Amino acid sequence: MLIRNQELETLSRSDIRQLQLERLQAIVFRCYKNVSFYKKKFDEAKISPDDIQSLDDLKKLPFTTKADLRDSYPYGMFAVPLREIVRIHSSSGATGLPTVVGYTGNDLKNWCDLCARIMYAAGVTRDDVVQIAFDYGIFTGAFGLHQGAERIGASVIPTSVGHTERQVKIIQDYKTTVLACTPSYALTIAEKMSEMGIDPKSLNLKVGLIGAEPWSEAIRGEIETKLSIKAMDNYGLSEILGPGLAGECEARNGLHIQEDHFIVEVIDPETFEVLPVGAEGELVFTTLTKEGFPLLRYRTGDLSRIDDSPCACGRTLARMSRVFHRTDDVIVVRGVNISPSQVEAILRKPDGNLPEYQIIVDTKDANDALEVLVEVSEDLFVDEMRQLRELHLNLEKKVHAALGVKVKVRLVEPRSIPTKDGKVKRVVDLRRGDSQ
Ligand code: DLL
């Protein structure tokens, strides 16, 4: 079994909780002392850091939301002076101001260790050649996994995203064994490989470190077959850390959360009630060790469930299920609640594969207008115009029948739906000012 930090990843549940409590008390105190936002919130709610005597007391603390981070743009919630910050990243800010995250030297060290942990759990060792096909820039994906791979002692190739033909050449010539990228980019690489007539089995690739956007078991199957690799899921968000927050082990039975550095809660996004272990709801994270940008009870908007039962790999860290949807994916169109899962149920093909799609809501003639873009495969575009027309009509009828709302379906070419940081945004609500 590949466990990088044997001691911390296999603590008994009661030792994890004890460590979390000690760290929580310290970070709550630091937030109160150093972040005016938290001091104000605590004072308004008449809470003091001394009120945190057990992990259950976490419930007493206010939530932190993305809107709070935007209100403090850019540095208002940093807990240390800027001269202590050695790295700054930010989210893409698709729906407004980006959120800005600062790391101290210690934060970078922890981030690096945690990325190394999730990569090691996915099977990466010092013998590997790791190609990082995430965008190198202000997005956390590339730098996070880059430093994790270096910490393990693997050889890192920082190709960044794009120039897909060159990526494939590098995979072939430099004998890449691990590919780190989004699920959609993994499929783009696979497609290019097939165009170039390269058999993936002739390559050295063995593991894909796939994350940063929702993907399904069906997409996993497709990536694994087309690239001849084991595709492992990893999850994170810039506000909390970036990659390194959670990742799959070889048991592939959920993503282990680095609970010695973070507390996870699951809440009902409507009532804010904390849900019992196993229930599906919104993930809420509290950072326990971050110095530059600590966050208490940060609402992620991501829907998942937690399992803290023992894992076959020997780790005791709780696992989260795959994230498929976000709370803000649910949209109300002409009074009807619509979630991407309803659209997915219609788009999913009999073999389980799901085409890339995007739901766009706008206002037309004072009414809500719903449009669904669906990417169809290249061969269909070229060969089968009649089939295409039928597909189009069928989809419009089916979506209308299922949702009860008239919808315009637009079939588009593969890879034509715009991405941000390499990710497809499932729902674009132009009424609330989202950009495409
Ligand atoms: O995507 C960090 C990351 C980089 C994670 C590389 C994994 C690998 P953000 O750009 O802030 O950070 O986006 C975070 O992306 O709240 C989820 O909605 C979604 N997301 C991230 N990983 C996954 C995943 C990075 N494995 C937002 N499955 C999160 C599903 C994911 N959704």
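Predicted model: local features only at pLDDT ≥ 70, side-chain atom pairs only at ≥ 80, totals over all residues.

## Helix H12

Take helix H12 (residues 385-403): its 19 residues should span 27 Å at 1.5 Å a residue, and the end C-alpha atoms sit 27 Å apart, which agrees. The expected span is 1.5 Å times one less than the number of residues. Helices (H or I, at least four residues) and strands (E, at least two) are DSSP runs, numbered from the N terminus.

Leu388, Leu395, Val399 and Leu403 of H12 are buried, meaning under 20% relative accessible area, with exposed being over 50% (1.4 Å probe, protein chains only). Looking down the axis of H12, the buried residues fall within an arc of 25°, so they line one face of the helix; the arc is taken from the directions from the helix axis to the C-beta atoms. On the face turned away from that buried side you'll find exposed Arg386, Arg389, Leu393, Lys397 and Ala401. After H12 comes glycine 404, with a positive phi near 75°.

Residues are numbered from 1 along each chain as its sequence is written, and side-chain values use heavy atoms, leaving out hydrogens and water.

## The sheet

Now for the open sheet: 9 strands with mixed pairing, in the order S4-S3-S5-S6-S7-S8-S9-S14-S13. Strands S4 (155-157) and S13 (306-307) stand at the edges with a single partner strand each, so one side of each has no neighbour in the sheet. Two strands pair if DSSP finds at least two bridges between them.

S7 (residues 230-237) and S8 (residues 242-248) pair in the antiparallel sense over 3 bridges. Leucine 237 has glycine 242 in S8 as its bridge partner.
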